[in-house]
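Work through these exercises with the structure open. Each task is followed by its solution.

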Amino acid sequence: MTHGMALIAENWQLLLLGLRATINLAFVTLIASTILGVLLGTLATVRAWQVRWLIALYVEVFRDIPLIVTIFTIFFGAPYLGVPLEPFPAVALGLSLWGAANGAEIVRGGIQAIPDGQREAARALGLHAWKIYLLVLWPQALRNVLPAFTGLLALIVQSTSLGSLVGVTEFLKAGGLIIERSTVMQGINPAFEVYGFVLLVYFTICSVLTAFSRWLELRLVARGGAQTVRAPDTARL
Amino acid sequence: MEFELDYLLRQWPALRSGLMVTIEVSALAIALSILVGLVGAGIRVMHVPVLSQIVVAYVEFIRNTPLLVQLFFVFFGLPAIGLTLSLFWSGVLALTLWAGAFQTENLRGGLASVGPGLREAGRALGLNRLQYLWLIGLPLAVRISLPSMLNTGVSLVKNSAYVSAIGLQDLTGVAFDRMASDFRAFEMLTVLLVGYLTLVLTLSASVRLLEHRLHAPFRR
């Protein structure tokens with residue numbers, strides 16, 4: 001046990017490198033899923049049913065296919081299309097497509113939670129369709145969706161661990177490397193301590209985010225905001 | 001790159017055994033996770049000291065850590081403390097622990113909504129707390145929580161694909177092994193897409209149907 005702890009302390013640089021990659025991956029994914037999610041989620045509230053149907057199809061497909069399959073498909077499938085991808089962009093793309101599906105659901109919920117009167121009043125004032133969104137709906141939806149997006153960020157952080165399977169040296173992979181090295185060079189297997197430590201670090205990051213999400217939600221309810229939009233269930237990861 | 005049906009048919013036996021592994025792992029883990037959920041929710045609702053806090057910590061821990069790391073911890077980490085499980089049972093255990101946390105929350109929500117009146121009625125009839133839980137609380141709670149419990153089950157089937165990461169030959173494992181050895185991507189990716197969409201959509205459609213049936217007495 002003490003050996004494992006010493007090993008973790010010895011390799012802090014590698015672990016820090018991994019943690020940085022995890023944070024980078026989560027950050028890139030968050031930005032991309034937010035942009036794509038806002039776009040898709042907004043389109044999911046328009047009147048044309050064909051558009052709404054297409055978005056619903058996209059959301060359903062990316063939520064129902066295991067994320068591991070999506071990422072493998074992009075990483076191993078890209079060379080067949082003549083565009084080989086490095087591990088990092090491949091994982092970022094896979095996570096973003098999945099994150100966008102969840103983000104779209106949140107944004108759609110956030111816009112639909114705004115009372116109809118707002119949209120009607122804006123239309124009565126003669127505002128253009130895009131101005132209704134820009135000036136009336138989005139600013140109000142932003143408040144509604146903040147807690148859920150914070151929750152989504154916790155899910156994204158968790159799902160970046162899949163990067164280790166296609167060769168991104170993120171936090172889980174860094175832990176794996178330490179175990180491998182110690183097993184080969186010293187004949188000692190510290191998997192219990194190292195993976196235990198990795199679990200604890202993820203737990204710390206994600207509980208802070210989850211707690212923050214809950215706090216935002218409580219504050220929103222206390223200030224009499226429109227119904228809040230629930231964060232996507234972790235079980236849907 | 002063309003889609004070759006011949007090739008796909010030749011791979012069918014391997015894919016079928018992969019699909020069976022996916023179904024077996026999922027079915028076992030769903031059953032066991034419901035047991036975990038029943039025990040966990042029972043402990044929470046009866047406010048058993050110490051155990052109740054342990055259940056809360058367990059649920060929070062599972063929800064805030066990646067399933068993949070949990071799986072690695074079970075498969076690579078537990079042998080170090082003398083608990084060596086086969087690939088298959090490592091997968092079942094990790095998925096059970098993961099889904100068990102969600103089933104605990106689902107059932108706890110159900111039990112909470114049963115209401116204090118019935119609990120008092122139970123006590124008036126001379127039932128102790130365990131008898132109340134078993135004879136009144138849980139039968140009603142299961143009915144209320146069934147849709148969310150089954151949704152957790154559907155997610156579990158989807159997430160059983162993670163077990164391919166430790167080398168278990170489930171549907172995902174078989175398909176990606178074949179892709180790597182035969183350099184044919186298109187057929188296998190189609191199988192995965194169709195396979196998982198069919199599994200998940202069939203299951204969630206039956207959940208919706210069941211939900212509809214269960215709500216029958218409360219409609220009109």
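Axes are lines fitted to C-alpha atoms, for helices over the stretch in contact, and angles run from 0 to 180 degrees between N-to-C directions. Helices are DSSP runs (H or I, at least four residues), numbered from the N terminus. This is a predicted model, in which local features need pLDDT of at least 70, side-chain atom pairs count only at pLDDT 80 or more, and totals for chains, interfaces and linings use all residues. Residues are numbered from 1 along each chain as its sequence is written, and chains are lettered from A in the order in which they are written.

**Exercise 1.** Classify the packing of helix 2 and helix 7 of chain A.

Step 1. Helix 2 (residues 12-43) and helix 7 (residues 129-159) of chain A pack at about 140°, axes 11 Å apart.
Step 2. Under 35 degrees is roughly parallel, over 145 roughly antiparallel, 65 to 115 roughly perpendicular, and the rest oblique.
Step 3. The two helices of chain A are therefore oblique to each other.

**Exercise 2.** Find the residues that join these helices.

Step 1. Contact requires C-beta atoms, placed from the backbone, within 7 Å.
Step 2. From helix 2 of chain A come Ala26(A), Thr29(A), Leu30(A) and Thr42(A). They meet Tyr133(A), Leu153(A), Ile156(A) and Val157(A) in helix 7 of chain A.

**Exercise 3.** Is His47(B) buried or exposed?

Step 1. Locate His47(B): the loop between helix 2 (12-45) and helix 3 (51-63) of chain B.
Step 2. Buried needs 20 or more other C-beta atoms within 10 Å, exposed 12 or fewer, partly exposed in between; C-beta atoms are placed from the backbone.
Step 3. His47(B) has 9 other C-beta atoms within 10 Å, so it is exposed.
Step 4. Check the backbone: phi of His47(B) is near 50°, a positive value in a residue other than glycine.

Note on methods. Contact = placed C-beta atoms within 7 Å.
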